[in-house]
Amino acid sequence: MSGGGCSLRAIWILTPQDAVAFSRRFAVVEKRWRAAWESEGDGGDGTGQEMPLPADYEVAAAFAERRKREGTARGSGIRTSVSSVGSDSWVDDPITRHIISLHINKEDGDGFMLWPVVLQKRGSYYILVLPLVDPQSFKSYERLLKRSDCGTSAKENGNLSSILFNLPCITGALMVAQVIGDIITGDTAEPEVIVSTGPSVGGLLDSLTGSIGISARPKPIAAPVAAPTASVSSPVGAPQSESLKGGMRLFDKDSLRNFILGAMPFGTPQDLNYANVTSIRTTGFSADPLPTDQKQPAWKPNLYKGRQRTLFSSLETLNAALYDRDDVQDFLSVSGQVTCRAELEGLPDVSLPLSGLKAARVEVSSFHHCVQASEPINDKQNLIFQPPLGNFVLMHYQASCNMDPPVKGFYQLSMVSENEGAFLFKLRLMEGYKSPFLMEFCMVTMPFPRRRVASYDGNPSVGTVSMTEHSIEWRIVSSGRGLSGRSIEATFSGTVRFHPITIQRVNSSFRSFSSTAFAEDSDSEQDSTKNGANLDDHIMEKMNKDLQAVDLEEPLSWQAYNYAKVSFKIVGGTLSGLTIDPKSCNGLLQVTIYPSVKAPVEYSMQASSGDYILWNTLGKCPSAALPKEL
């Protein structure tokens with residue numbers, strides 16, 4: 001049973017008040033569960049027949065009891081002095097924060113355990129998914145709950161990782177929880193595919209027009225997929241202001257119920273693509289006849305009719321930590337995805353070549369389930385796929401940055417008094433970047449989360465400056481005036497003055513920060529501080545008690561770190577070097593479609609900043625020692 005895919009016994013959605021907002025049970029899978037235990041011959045020892053699916057109120061009570069026992073809804077995943085034998089924290093494995101067990105108590109005193117329950121928190125809701133597992137795996141976990149040497153350091157085959165490794169249903173349950181979370185939070189929009197508003201001629205003209213901000217700019221396009229028929233009461237994806245009640249977003253139970261009926265009939269997930277399931281329910285399957293030698297894939301229930309074209313977009317996010325120090329190495333990492341929209345009639349095969357694999361040093365890559373990826377050969381890799389309808393992510397990847405940082409330099413900040421600091425920026429933008437790279441905008445933010453900004457003095461060499469209550473924003477490149485074909489140097493020196501601060505105000509803001517930062521796991525358990533199991537609250541309470549008053553050395557982040565954050569967007573190229581392989585003879589994309597059709601192929605590239613940090617070279621900064629390359 002462990003190698004037979006994924007089947008679900010039940011799904012529950014709970015509110016923060018420990019009430020079941022939605023539940024769905026699958027009787028066919030539950031019958032298989034009981035039959036498996038009967039075949040084991042263990043039906044009379046409190047298992048199998050005596051472990052039926054509990055009622056909703058029993059699940060809510062068990063979840064509330066676990067939250068009190070483990071400290072938070074997810075728990076710590078770490079064994080503490082108050083951990084008891086049989087609890088998830090006794091296993092001493094962080095994965096028990098996401099794969100949990102629930103102990104169902106019966107009125108007659110005989111209870112039982114539900115495991116594995118996949119837990120995911122989305123918005124204000126807790127999503128619980130119970131997959132079907134074989135009795136051997138269930139018994140292995142029961143034995144693990146009583147061992148004293150379990151945990152991630154255990155080297156025996158009976159540790160939790162080895163048990164979960166043989167359960168592919170866990171992965172399926174996680175995917176189900178993810179898509180259900182997307183539905184109840186309204187996050188069902190398809191990925192963007194960027195297309196240019198006009199053709200690019202390249203060369204000198206692009207450089208000139210790009211530098212004055214009149215070059216053809218890419219724009220996102222919507223996917224031609226049938227829209228869902230939402231109920232009037234609380235539509236999926238409705239604005240949050242229209243669907244909030246008591247601080248919690250309501251979701252459309254009818255839409256969720258219809259999705260479950262179409263996506264996982266009888267409890268076995270078949271297609272978890274929300275757009276596909278909605279399209280099938282709205283328009284049905286395509287009535288167009290197919291050739292006898294072709295089979296219609298599940299991810300394309302309807303065939304496209306109309307003008308044919310194919311669009312590809314490379315969307316990359318650059319995360320960076322720049323220190324400008326000899327003893328600390330800068331960190332650059334690129335996470336990207338290739339999105340596609342193929343408006344092609346019939347069921348053609350598309351062949352897409354990738355190049356630049358060696359230069360990008362791709363560390364991790366994953367592909368859409370319609371893709372057949374060849375082995376990389378000579379810095380290239382070929383992807384063959386039958387594209388689904390609408391926009392979809394063809395490939396995810398993690399790679400190194402193959403170019404210099406688009407924004408580099410240093411940031412310095414020092415306090416000249418308790419309420420006044422002097423700062424200096426010296427930056428270089430787009431050095432080494434040539435056309436068709438175009439920086440559409442760039443902004444640097446100096447955050448002061450613990451201080452209220454009163455005023456600032458100083459004029460930058462380029463750009464404009466604005467001020468908020470807790471930050472100063474320096475817009476170097478504004479939208480509408482891009483930077484292409486050249487680099488610029490930007491400097492900004494000045495002083496910033498803060499409102500006087502009191503210890504009472506700092507403590508108040510710190511408590512607000514702690515309640516916000518740990519809102520995901522702190523569920524207002526009143527007994528958690530008594531039993532000491534809530535490690536998050538215990539640590540924050542200790543930090544709040546031992547924290548010293550503000551001094552002149554670290555007055556901004558209160559004995560933490562201070563930094564500047566850079567935001568930018570660049571179009572016209574990738575920072576990793578991973579691109580779709582173009583033909584060298586005429587510049588056309590080397591994308592082949594079989595059977596051959598006349599369909600233009602467009603390709604756009606875009607890079608944006610993620611966590612792009614300039615650490616204060618005059619202050620403290622966090623860093624990690626990286627292993628040396630062999």
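Okay, let's start with a definition: accessible areas here come from the Shrake-Rupley method with a 1.4 Å probe, and for residues, only the protein chains shown count as cover. With that in hand, the accessible surface of our protein comes to about 30500 Å², and 51% of that belongs to carbon and sulfur atoms.

Quick housekeeping. This is a predicted model, where local features need pLDDT of at least 70 and side-chain atom pairs count only at pLDDT 80 or more, while totals for chains, interfaces and linings use all residues. Residues are numbered from 1 along each chain as its sequence is written, and side-chain values use heavy atoms, with hydrogens and water left out.

So, the overall picture. There are 13 helices and 28 strands in the protein. How much of the protein is buried? Of the 630 residues, 47% are. Buried means under 20% relative accessible area, exposed means over 50%, and partly exposed is in between, using a 1.4 Å probe and protein chains only.

Now contacts, meaning heavy atoms within 4.5 Å. If you take the contacts between residues at least 6 apart in sequence, 72% of them join residues at least 24 apart. Here's a pair to look up on the screen: Lys380 and Leu578 are 198 residues apart in sequence, but their C-alpha atoms are 9.5 Å apart in space. Lys380 sits in strand β15, residues 380-385, and is partly exposed at 42% relative accessibility.

On to salt bridges. We count one when a side-chain nitrogen of Lys or Arg is within 4 Å of a carboxyl oxygen of Asp or Glu. The search of the whole structure turns up 19 of them. Let me walk you through a few.

Arg25 pairs with Asp56, with the closest N and O atoms 2.8 Å apart. Arg25 is in strand β2 (residues 20-25) and Asp56 is in helix α2 (residues 56-70), so this bridge ties together parts 31 residues apart in sequence. Both ends are partly exposed: Arg25 has 29% relative accessibility, and Asp56 has 26%.

Next, Lys139 and Glu40 meet at 3.9 Å, N to O. Here the bridge ties together parts 99 residues apart in sequence, because Lys139 lies in helix α4 (residues 135-144) and Glu40 in helix α1 (residues 27-40). Lys139 is partly exposed at 23%, and Glu40 is partly exposed at 31%.

Then there's Asp182 with Arg122, at 2.8 Å, N to O. Asp182 is in helix α6 (residues 169-185) and Arg122 in strand β4 (residues 112-122), so parts 60 residues apart in sequence get tied together. Is this pair buried or exposed? Asp182 counts as buried at 16%, and Arg122 is buried too, at 14%. Salt bridges can also share partners, and that joins Glu65, Arg69 and Glu70 into one network.

Last stop: charge on the surface. Asp324, Asp326, Asp327 and Asp330 gather there in a patch of negative charge. Patches use residues with over 30% relative accessible area and no salt bridge, joining like charges within 9 Å and nonpolar side chains (Val, Leu, Ile, Met, Phe, Trp, Tyr) within 5 Å. Asp and Glu count as negative, Lys and Arg as positive, and His and the chain ends are not counted. A charge is placed at NZ of Lys, CZ of Arg, CG of Asp or CD of Glu. Where does Asp324 sit? Asp324 is in the loop between β10 (309-322) and β11 (331-343), partly exposed at 44%.

Note on methods
Helices (H or I, at least four residues) and strands (E, at least two) are DSSP runs, numbered from the N terminus.
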